[in-house]
Amino acid sequence: MAGKTPSEKRLHKELISLVKEPPPGMVVDVDQAEQNLNVWTINMQGAEGTLYDGEQFQLQFKFGTSYPFESPEVTFVGQNIPVHPHVYSNGHICLSILTDDWSPALSVQSVCLSIISMLSSCKEKKRPPDNSFYIKTCNKNPKKTKWWYHDDKV
Amino acid sequence: MDNNHETTATKPEGLEQDELIIQQHREIEKEISDSILLIGQKEELTSLETEYINDPVYLTKIQDLNKKYKCMRRARPDGNCFFRSFAFAYFEYLMDHNEEYKHFKERALKSKDELISCGFTQFTLEDFHDTFMEVVNLIGEGQHEKLYDTFNMQGYSDYVVVYLRLITSGQLQKDAEFYKHFIEGDRTVVEFCHQEVEPMFKESDHIHIIALSTALNVGVRVRYMDRGESSEAIAHDFPEGSPVCVHLLYRPGHYDILYSR
């Protein structure tokens with residue numbers, strides 16, 4: 001492991017763990033991640049018995065050099081962006097652990113589980129109320145958005 | 001799983017302004033971090049006087065502190081200052097107290113399994129634990145300079161901070177029945193830990209200090225410098241009544257290290 005930065009070491013460990021114990025319905029593109037450890041794509045299946053049953057999604061994780069002290073940048077990418085009150089049509093996700101409540105003790109695994117849980121608890125498929133305004137004005141990096149989290153039990 | 005992702009909705013108006021504010025915040029933060037060491041060199045308490053030149057209340061308290069303490073070290077005001085100050089001050093203390101060092105090392109070694117049983121992911125925790133122990137082992141070498149340099153290397157220093165944050169969180173969760181009475185707002189202890197203890201850069205309050213000092217059984221005396229009427233900076237000991245080995249100075253929003261006479 002000589003020559004690897006702490007951040008690279010950590011990402012390697014995470015990749016191995018994600019392949020060994022993937023969150024339900026998730027498969028990480030290992031070849032791509034091994035070529036570039038800083039960008040991962042995770043294929044995700046909508047869970048059975050939820051509003052997203054049978055749908056396919058892609059999640060992208062981007063890691064900065066300060067990972068895990070800084071949170072990863074996580075967005076939905078590809079053709080199908082889930083229609084959900086916390087997911088903008090450009091793929092940005094409003095989830096507090098991706099910004100304010102990120103902790104270095106969290107992991108790709110825990111982010112995946114939160115996203116699964118977020119989709120699974122959805123009762124009505126709709127976009128966030130400010131979607132059209134947001135996607136016109138936001139920064140490409142969702143971490144630069146000042147999110148207003150509020151518990152609306154969605 | 002409903003507890004750590006309340007979420008959604010931005011404030012639609014003024015997004016651009018928000019971005020500007022955030023950018024400005026980042027720039028300020030960077031300026032601070034470039035100019036102040038994670039842990040500074042020892043300096044006279046009178047160096048505080050220049051900051052409060054027109055402020056008789058603070059100046060009186062500084063004079064009083066100066067009688068009780070011979071010097072101070074500043075910590076970088078990045079929201080981690082309590083944890084970083086505590087760690088450095090305590091590790092320095094342990095360099096001169098070998099018996100206590102041995103006990104602490106044992107305790108630190110055991111803490112890993114305790115935290116895993118508390119629900120932290122093993123492989124993320126292991127990284128922090130291993131680096132934490134590397135720094136703990138430095139105490140045994142007895143070289144103050146080396147400890148100082150290590151605390152100023154972000155790669156080590158922040159690992160120590162994270163690990164202490166996790167120990168604090170573990171203690172709060174272990175004794176949730178007790179701590180839940182001190183949590184403001186409609187939050188469970190677990191939610192509080194996720195939002196205010198485990199993330200980096202979140203400032204510490206009494207509850208963090210009580211939990212950490214209890215978990216490690218280390219007496220901490222905090223001198224509070226505020227606008228109160230008293231002519232001295234009032235001392236609070238955590239946990240109450242235990243022998244003090246770490247002395248900290250609190251000014252609103254910030255902790256530094258004190259050295260008693």
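**Figure 1. Trp40(A) and its bridge partner in the predicted model.** Trp40(A) has Phe61(A) as its bridge partner in S3(A); helices (H or I, at least four residues) and strands (E, at least two) are DSSP runs, numbered from the N terminus. The structure is a predicted model, in which local features need pLDDT of at least 70 and side-chain atom pairs count only at pLDDT 80 or more, whereas totals for chains, interfaces and linings use all residues; side-chain values use heavy atoms, with hydrogens and water left out. Residues are numbered from 1 along each chain as its sequence is written, and chains are lettered from A and ligands numbered from 1 in the order in which they are written. Seven bridges pair strand S2 (residues 39-45) with strand S3 (residues 56-62) of chain A in the antiparallel sense; two strands pair if DSSP finds at least two bridges between them.

**Figure 2. The open four-stranded sheet of chain A.** The strands follow the order S1-S2-S3-S4 with antiparallel pairing. Strand S1 (26-28) and strand S4 (73-77) of chain A form the edges, each pairing on one side only. From one strand to the next, the twist averages 25°, where axes are lines fitted to C-alpha atoms, for helices over the stretch in contact, and angles run from 0 to 180 degrees between N-to-C directions. Helix H1 (residues 6-20) of chain A packs on this sheet and touches S1 and S2 of chain A; the direction of H1 makes about 20° with that of S2(A). Contact here means heavy atoms within 4.5 Å. Helix H3 (residues 108-120) of chain A also packs on the sheet, touching S1, S2, S3 and S4 of chain A, at about 35° to the direction of S2(A). S1(A) and S2(A) pair in the antiparallel sense over three bridges, and Val28(A) has Ile42(A) as its bridge partner in S2(A).

**Figure 3. Burial and length of helix H3(A).** Of the 13 residues of H3(A), 11 are buried, and the helix is mostly covered; buried means under 20% relative accessible area, exposed over 50%, and partly exposed in between (1.4 Å probe, protein chains only). Among the buried residues are Val108(A), Val111(A), Cys112(A), Ile115(A), Ile116(A) and Leu119(A). At 1.5 Å a residue, the 13 residues of H3(A) should span 18 Å, and the end C-alpha atoms are 18 Å apart, which agrees; the expected span is 1.5 Å times one less than the number of residues.

Figure 4. Thr41(A) is found in strand S2 of chain A, a strand that is mostly covered, with five of its seven residues buried. Thr41(A) itself counts as buried because its relative accessibility is 10%. Leaving aside neighbours within four places in sequence, Thr41(A) is in contact with Val27(A), Val28(A), Asp29(A), Gln32(A), Gln58(A) and Leu59(A). Thr41(A) and Val74(A) are 33 residues apart in sequence and 9.9 Å apart in space, C-alpha to C-alpha.

**Figure 5. The packing of helices H3(B) and H5(B).** The axes of helix H3 (residues 81-95) and helix H5 (residues 122-141) of chain B come within 8 Å and cross at roughly 40°. The two helices are therefore oblique to each other; angles under 35 degrees count as roughly parallel, over 145 as roughly antiparallel, 65 to 115 as roughly perpendicular and the rest as oblique. H3(B) contributes Phe91(B), Leu94(B) and Met95(B) to the contact, and H5(B) contributes Phe132(B), Val135(B), Val136(B), Leu138(B) and Ile139(B). By class, this contact has eight nonpolar, no polar and no charged residues; Ala, Val, Leu, Ile, Met, Phe, Trp, Tyr, Cys and Pro count as nonpolar, Asp, Glu, Lys and Arg as charged, and the others, Gly among them, as polar.

**Figure 6. The open six-stranded sheet of chain B.** The order is S1-S2-S6-S5-S3-S4, with mixed pairing. Strand S1 (39-43) and strand S4 (234-238) of chain B stand at the edges with a single partner strand each, so one side of each is left without a neighbour in the sheet. Strand S3 (residues 219-224) of chain B and S4(B) run antiparallel and are joined by five bridges, with Arg221(B) opposite Asp237(B) in S4(B).
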